[in-house]
Amino acid sequence: MSNNVNAQTGFLERTFKLNENKTNVKTEIIAGITTFMTMGYILAVNPGILSAAGMDPGGVFTATALSAVIATLIMAFAANYPFVLAPGMGLNAFFAFTVCGIMGHSWEFALTAVFLEGIIFILLSFVNAREAIVNAIPMNLKNAVSVGIGLFIAFIGFQGAGIIVNDDAVLVKLGDVTSPAAIVAILGIIITGILLHKKVKGAILIGILASTIIGLPLGVTPMPEKIVSLPPSLSQVAFKLNFSEIFTLDMLVVLFTFLFVDVFDTIGTLIGVASKADMLDEKGTLPRVKPALFADAVGTTVGALLGTSTVTTYVESASGVAEGGRTGLTALTSAVLFALALFLAPLFGIIPSAATAPALIIVGLFMMSPIKKINLDDFTEAIPAFLTIIMMPIAYSIAEGIVFGMVSYALLKLLTGKGKEVSPVIYILSVLFVLKYIFL
């Protein structure tokens with residue numbers, strides 16, 4: 001028995017270089033479970049959103065899980081990073097409510113746009129175009145991206161618990177903190193904070209489980225009707241592409257929007273989480289970024305064929321990194337859990353957003369540490385960094401935060417005689433961003 005365990009441990013060490021990355025099997029598995037627990041909500045949320053476009057929610061559930069498994073396995077074995085992928089929030093809303101709602105197109109049209117986006121991403125990965133973008137972003141902005149993502153995911157956590165709610169007069173306001181969901185989240189933050197102070201391994205995961213249990217008597221956590229079920233059929237959503245309108249202006253607009261948001265959401269997430277985990281090298285670049293970007297390109301393409309919206313790297317990967325995840329074994333663990341979720345959908349579906357909110361809020365705190373590395377004395381560096389940070393939560397978009405940061409960086413450097421400090425790639429992107437806002 002011990003020989004088998006040693007052989008398995010040896011395989012994992014060779015595959016994921018655990019010692020080199022100063023981690024171990026237990027830490028990586030706990031990190032992978034934690035990441036899955038903080039982003040497993042997508043298995044419930046994505047079918048709900050895409051069903052608004054007329055898609056079969058059962059089929060979308062299966063497509064969501066399978067696309068997450070495939071893309072995350074590529075990330076685990078090809079890139080050896082602890083990043084987990086799944087159909088992205090925001091992009092699924094654009095799919096359902098803008099393309100299929102406001103623009104009036106069929107969900108088959110939208111899936112075709114996602115498929116084409118994936119193909120283009122695969123081609124861009126081969127010519128290193130996205131890798132060049134990642135490497136061109138200056139270090140100050142990379143640190144700012146990490147901080148901005150921290151505020152963004154904390155904001156998502158507060159929303160998920162109903163602590164922050166919509167207000168037509170002032171946009172957002174404090175919700176009812178005496179509501180059951182808010183109480184679950186607040187107690188979860190306290191429990192997680194105590195565990196972190198005591199340096200308990202798996203503190204974030206334990207906090208999620210404790211919050212879920214607390215939610216039972218408060219009516220926040222539903223009791224599952226059953227635990228095990230077969231995966232719903234894909235027959236109503238898989239391979240339903242429609243190429244009859246691919247040369248229309250609407251397809252061009254939709255395709256560009258998918259491309260734009262996914263490129264910069266993915267790049268922002270990779271940079272932000274990698275910065276927090278000290279994975280960037282001395283030049284501020286992310287080693288093995290090409291296979292990391294390739295993972296979401298393949299995930300998006302396969303996901304569209306299976307019947308779901310754009311697959312992207314999840315910012316919630318930061319929760320696993322915060323638990324010590326440093327290698328692809330973290331991602332592999334999450335992928336295995338997504339596969340299991342196909343058969344345990346009723347059980348995984350009971351974890352409420354109020355129970356994952358404490359994890360997102362605490363991880364938001366962890367993501368703030370790179371702010372100490374930002375040069376706040378040079379205003380051509382400080383202002384773009386600040387705009388990057390603040391625009392992510394208030395625009396509710398990682399991509400838009402990066403846009404404001406990049407464009408302001410290029411303009412301030414150029415107009416203060418420091419234009420040579422800026423990569424030509426940043427200038428080109430800034431022009432494209434401005435044109436996008438003007439014409440789209």
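Predicted model: local features only at pLDDT ≥ 70, side-chain atom pairs only at ≥ 80, totals over all residues.
**Two crossing helices**

Two packed helices are described by the angle between their axes and the distance between the axes. Helix H11 (residues 249-276) meets helix H18 (residues 398-415) at an angle of about 85°, and their axes lie 8 Å apart. Angles of 65 to 115 degrees count as roughly perpendicular, and H11 and H18 are therefore roughly perpendicular to each other. On the side of H11, the contact is formed by Phe-260, Val-261, Phe-264, Asp-265, Gly-268 and Thr-269. H18 contributes Ile-398, Ala-399, Glu-400, Ile-402, Val-403 and Met-406. Of the residues in this contact, eight are nonpolar, two are polar and two are charged.

**Aromatic pairs**

A pair of aromatic rings is described by the distance of the centres and the angle of the planes. When rings with centres within 6.5 Å are taken as pairs, the count comes to seven aromatic pairs. Two of the pairs are set out below.

| Pair | Distance of centres | Angle of planes | Arrangement |
|---|---|---|---|
| Phe-16 and Phe-77 | 5.5 Å | 40° | tilted |
| Phe-115 and Phe-243 | 6.2 Å | 80° | edge-to-face |

Phe-16 has a relative accessibility of 0% and so counts as buried, whereas Phe-77, at 45%, is partly exposed.

The pair of Phe-115 and Phe-243 also links distant parts of the chain, 128 residues apart. Phe-115 belongs to helix H6 (residues 107-126), and Phe-243 to the loop between helix H10 (203-214) and H11. With a relative accessible area of 15%, Phe-115 is buried, while Phe-243, at 41%, counts as partly exposed.

Ring pairs also join Phe-152, Phe-155 and Tyr-396 into a cluster.

**Helix H5 and its surroundings**

Which residues of helix H5 (residues 91-102) are buried? They are Leu-91, Asn-92, Phe-94, Phe-95, Ala-96, Val-99 and Cys-100. These buried residues pack against helix H3 (42-51), H6 and H11. H6 is the helix that holds Phe-115, and H11 is the helix that packs with H18. After H5 comes Gly-104, which has a positive phi, near 80°.

Notes:
Residues numbered from 1 in each chain as written. Heavy atoms only, no water. Axes fitted to C-alpha atoms, helices over the stretch in contact; angles between N-to-C directions. Helix = DSSP H or I, 4+ residues; strand = E, 2+ residues; numbered from the N terminus. Parallel < 35°, antiparallel > 145°, perpendicular 65-115°, else oblique. Contact = heavy atoms within 4.5 Å. Nonpolar A, V, L, I, M, F, W, Y, C, P; charged D, E, K, R; others polar. Phe/Tyr/Trp six-rings, centres within 6.5 Å; stacked < 30°, edge-to-face > 60°. Buried < 20%, exposed > 50% of the residue type's maximum accessible area, 1.4 Å probe, protein only.
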